Structure formats: C-alpha cells, structure tokens
Amino acid sequence: MTASDRFLMAGVMGWPVMHSRSPVLHNYLFKQYRLAGTYVPLAIRPEGLQAALRALHPLGFSGCNLTIPHKQQAMSIVDEVDTVAKSIGAISCVLARPDGSLAGSNNDCYGFIQNLKQEQPGWRAGAGPIAVIGAGGGSRAVCYGLAQEGAKEIRLVNRTLAHAQGIAGEFGGPISAYPWERRHELLDGVALVVNTTSQGMVGNPPLDIQLDKLPANALAADIIYIPLESPFLAAARQRGNKTVNGLGMLMHQVRPAWKAWFGIDPEIKAELRALVEKTI
Ligand code: ATR
C-alpha cells in the first residue's frame, strides 16, 4: 500500500495535551502535500500509556509524538530505543512499524540545536561557557545536544541539586552541577544561557533569576514556546541580549518525525511558523 492509498494518522500523547500546537503544524502539512491524513491530540493518562502505544498499530497510526509526562515511561514500553534516545534517557517520537513493533527516538535534542543554528547562524557551542537552568527531561536533551556540538563548559544548575548531579555524572564531559543559590553568579562570562525549567510557561511564575552578570553579547534561549516570549527572555531582550524561543525546537522536530512515519521529508515554510505563532 503506498502513502496515497492510505489515510495517514499520527498524534501527540500527553496529559494534559490540549495546549500542544503540534496538531496545527502537522495538519497544515497534510494540506500542503495534499495528503489524506490527520494528526490528533491524544489525552492519555500515565496509567493508560502502554495500552495506548500498543493500540497505535492496530488502529492504523504510523506513530506519535510524546509530551509531558510520558517521555521517560514510554522508553520501557517500546520495543526498540535508538542510541541518542538511550543516552538522553527519554523518547519524544514513536514509530509503529508495519509488523506492529514500536521504535522510540528523541528529536528534542535535534530540534533544539537546529533551532539555535537557524536563528543564530554564527552560533558555535564551543564559543564560551554555557549555563543550563533546570535538570528535567528537556534539560537532558539540551545538555546532550550541546555536549555533542562541542561545548567545552556547561554549568548545570537546578533547584534540586541531585538531579543536576545525576545528569553531570551520567553524561560527564563538559557538564558540572551547581546548587540553585548560585544560579545568578553562574551567568558570569557565559556565551549562552538556556532555561529548561517549567518556570515562565503559561500558568507558572517567571523563572527566578537575576541577569546582572549575563554578558551583553550572550545569547539567551528558552525551550518554552507558550508564551512565545517568556519573562526570562523578555528580561534578557530588554537588557540587549539576543534571544531564541522554544517554538523552533518544536518545528524542527517535524521533519525527522515525518521521515520516520510517512517517508516524506517536508519543507517547513516561514508561513507555517507564522500560522502557529498566531495561535499562541
Ligand atoms: P521537562 O521534561 O519538561 O524538562 P520536568 O522533567 O518535570 O519537565 O523538569 C522540570 C524542571 O523544572 C526541573 O528541572 C525542575 O526542577 P527540580 O528538578 O528541582 O524538580 C524545574 N522546576 C520546576 N518547578 C520549579 C521551580 N518552582 N523553581 C525552579 N525550578 C523548577
């Protein structure tokens, strides 16, 4: 059966999930490529994740993306996890193969790095020290990507020091863990600071950090995209720093997902970004 004979289906599993802009993105592409298909939000409670993932193939889904809180739990459910996802310790994308087996991969890291490169073409991971704030699933993908790109020093700071120490211990290399009280002074001399915490996301208070020590030429990035400009990014922009928000990280993940699910390498046009931005 070729793609054109099928009704293509994929979705995003999360709890909650209705905030996700992935359906807007993917459904636009079905239209752009004149394909019969749909991408749906799948509100799945953690206790239902295994049954939901196993139902993908029988229902005719090519696969799904995963969002909070499923990225880690899903690893133990799928049949195969690729090397990058294993190293990161989380999967963000599942492929349901024709034989019914499930393959997990992580496109968060690729999305984050591609977004930085696109938004700031001259950006180099090794240009100077990097501060990463937060040590959850998003942080693992960011730290892994930055280390792979050649970062020489990553200062990882988190509210719960043990979580940062866990990542530093596992990944080793350029990553050192620091206690939360030091988050303000750690910005001294950095070339890049990344917020990977949930602070600043719609419904949450802003990230509690003072930017006085952040060099004027440092880049500030956030993996949050709702709102498009988190209070952290707004504060950085107001003092003259360049900023990169989290929307591009989401958008860059579409291509590897479509390649895996549908065998198509879609072009992500500026008008699609504008369309998604309008919904935020
Ligand atoms: P994700 O998968 O999106 O990264 P997560 O794994 O729940 O989500 O991680 C959330 C991150 O935000 C963690 O680093 C968390 O800090 P802890 O490790 O101490 O839990 C951080 N975070 C959540 N609430 C926070 C707060 N009020 N202040 C500072 N950091 C916070």
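The legends below describe a predicted model, beginning with the whole chain and moving on to selected close-up views.

Residues are numbered from 1 along each chain as its sequence is written. In this predicted model, local features need pLDDT of at least 70 and side-chain atom pairs count only at pLDDT 80 or more, while totals for chains, interfaces and linings use all residues, and side-chain values use heavy atoms, with hydrogens and water left out.

View 1. Helices (H or I, at least four residues) and strands (E, at least two) are DSSP runs, numbered from the N terminus.

**View 2. The largest nonpolar core, a set of 24 residues.** A nonpolar core is a set of buried Ala, Val, Leu, Ile, Met, Phe, Trp, Tyr and Cys residues joined through side-chain atoms within 4.5 Å. The members that touch the most others are Phe-112, Leu-116, Trp-123, Val-132, Leu-146 and Leu-192. Among the elements that each supply at least two residues of this core are α4 (108-119), α5 (137-148) and β10 (192-195). Not counting residues up to four places away in sequence, Phe-112 is in contact (heavy atoms within 4.5 Å) with Val-142, Leu-146, Val-194, Ala-221, Ile-223 and Met-249. A second, separate core has 23 residues, including Val-12, Leu-29, Met-251 and Trp-261.

View 3. With a relative accessibility of 0%, Gly-63 counts as buried. Leaving aside residues up to four places away in sequence, Gly-63 touches Met-9, Ala-10, Gly-11, Leu-56, Val-94, Leu-95, Ala-96 and Trp-261. Tyr-39 lies 24 residues from Gly-63 in sequence, and their C-alpha atoms are 10.0 Å apart in space.

**View 4. Helix α7 (residues 231-238) and its buried residues.** The buried residues of this helix are Phe-232, Leu-233, Ala-234 and Ala-236, and they pack against β10, β11 and β12 (242-244). Just after α7, Gly-240 takes a positive phi of about 100 degrees.

Note on methods. Buried < 20%, exposed > 50% of the residue type's maximum accessible area, 1.4 Å probe, protein only.
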